[in-house]
Amino acid sequence: MDDQWRQETKPLILEGGIHMPYTWTVGRTGSRFFIELRDHRRLMGNRCSKCQVVWVPPRLRCPECYIAMGDDSWIEVGPEGTLRHFTIVNYSHPAQPMPPPFAYGIIDLDRAGRAITHLIAGTNLNNLKPGIRLKPVWSPNRQGTILDIAYFTPIGG
Amino acid sequence: MTVNKVAVVGVAQTRFARQKSDQNFADLVYEATTGALEDAGMTIDQIDNVVTVSNDFWDGRTISSMAVMDACGSYGKNISTVEGDGTFGALYGAMRIWSGSFGTTLVVAHSKGSEGDPFLITNSMFDPFYHRPLGLEAISSAALQAQAYVDRRGASPEDWAHVSVKNHQNAKRNPYAQLPLDLTVEKVMSSPMKSYPLKKLDCSPVSDGACAIILADEDRIKHSQQKPVWLKGVGYAAELHYLGDRDLANPLALKIAAQKAYSMSGIANPTKDLDFLEVYDAFSYMEPLWLEGLGISLPGEGGKLAREGVSAINGRLPVNASGGVLSAHAVLVAGLVRLIEVVLQIRKTAGAHQLDRARIGLAHGINGPCGQSHCVWILGEI
């Protein structure tokens, strides 16, 4: 591999990119979850009739038992919850919905059997600790997405 | 279950670097493929089929195996692809021999982390509805798992710093590693906070590189000039994708995978029966957490192994003597490199990081956020 042409050839770099738009169907189960967020500021889960776990976001089938969720499985959860784990992000990248520093939390919504992951902001992040109570801060311009909750924030600031 | 015995008869890896601007990914695959053939003492016409390991988002094109089909010598052969860690590529390759369909398989993995945007690409591993819009990616999701490990098990970031010191030090003996570093616990602890509690030196680097293995059944190993290293057991399992569905401090899928691999290879007590391990430490905390999942440590006690020197290169049970993923992290490639490192140790050709006792070793790979799925291999000299 010591041929002269290899040493003399400076490799070129091709700059490019891919912009690939999608229109993802949310499905009826997910759509009901997001419509409740958008129109009623309600968080919904559904309960497995076998293991009794309340899943958020709601599922077609219980992920563990693989039993179909019935029409009567839906229940309202939260909107308040308890912080389970958190991280404070100090770097930025273009897919983040807000500038750093901000936090992510794994949050146990009241009455839910599994946690959700969401943003935490609007507070001194240094005061975050597991077990504190959180409430959602609703986006004023709700579109039927997970960011209809702008972020969660500690109750009482 | 009785299955055909399958051995690894050829291995190769490129040197790993932050940016290999003199080689495109086909060049890397060509280097790994020809290296593995040379190592095995075989020619391409003795390879029955090829499994490639790649990811379309990292490559920036769909059907990314087709970009390398000529480089891996698959002209006129069956080529199939695993879009996941290289340990799963080895699994698919071995299954193609265990099924009786093929006598030899070449498994080749490539990745160029330098060419895309690792934040945007790893953000794209999350579902588009619930997680991706939050901006989560590899580092911040791992940070949630690291903090879960602290909250649930009392794990200590200082213990993880010992892992970072150990593995970067081990990398100084490994010419293929990207980040050989002289560190101290204090240096790791005072490195910039990326996503609390993970600091810069708790995180693996962005890497370019490739690697390949050649698998052969008992009939076909005689075509190889190389000492065979046997696949003695394998286990694999996945758990749920949403982070909140899981107890992130309890690697359930790894426990299942490990038990399957131990059962298949007749390992009753992994701490005693294994001579060494190569595990997927994409972040420093992962090494102790995975050691707990593998049944090497009790829950919450994985951090002791690095802190007390048990997992050191000269310790009782060396872990990541190669420097691990912390010292070179070509995504998807890195798990197959763990398997290659186990092969080199068992052959006693690992060079400066050769272990004294290396008759039976464990190689481990992960896929998905926070180790959503795991593959565990046991390899041995007999």
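Predicted model: local features only at pLDDT ≥ 70, side-chain atom pairs only at ≥ 80, totals over all residues.
1. Overall size. Chain B has 382 residues and a radius of gyration of 19 Å; a compact globule with that number of residues would have one near 21 Å, so the two agree. The C-alpha trace spans about 55 × 45 × 40 Å along its principal axes.

2. Make-up and packing. Chain B holds twelve helices and eleven strands. Buried residues come to 62% of the 382. Among contacts in chain B with a separation of 6 or more, 78% join residues 24 or more positions apart.

3. Helix H5 of chain B, geometry. This helix runs over residues 138-153. Its 16 residues should span 22 Å at 1.5 Å a residue, and the end C-alpha atoms are 22 Å apart, so expectation and model agree.

4. Burial of H5(B). The helix is mostly covered, with twelve of its 16 residues buried. Among them are Ala138(B), Ile139(B), Ser140(B) and Ser141(B). Leu144(B), Gln145(B), Gln147(B) and Tyr149(B) are also buried.

5. What covers H5(B)? Both chains take part. From chain A, the cover includes strand S4 (81-89) and strand S5 (102-109). From chain B, it includes helix H4 (118-123), strand S5 (193-195), strand S6 (198-199) and helix H10 (286-293). Note that each chain contributes a strand labelled S5, so the chain letter should be kept with the name.

6. After the helix. Gly154(B) follows H5(B). The phi of Gly154(B) is positive, near 70°.

Technical notes:
Residues numbered from 1 in each chain as written. Chains lettered and ligands numbered in written order. Helix = DSSP H or I, 4+ residues; strand = E, 2+ residues; numbered from the N terminus. Expected span 1.5 Å × (residues − 1). Buried ≥ 20, exposed ≤ 12 C-beta atoms within 10 Å, placed from the backbone. Contact = placed C-beta atoms within 7 Å. Rg over C-alpha atoms; globule rule 2.2 N^0.38 Å.
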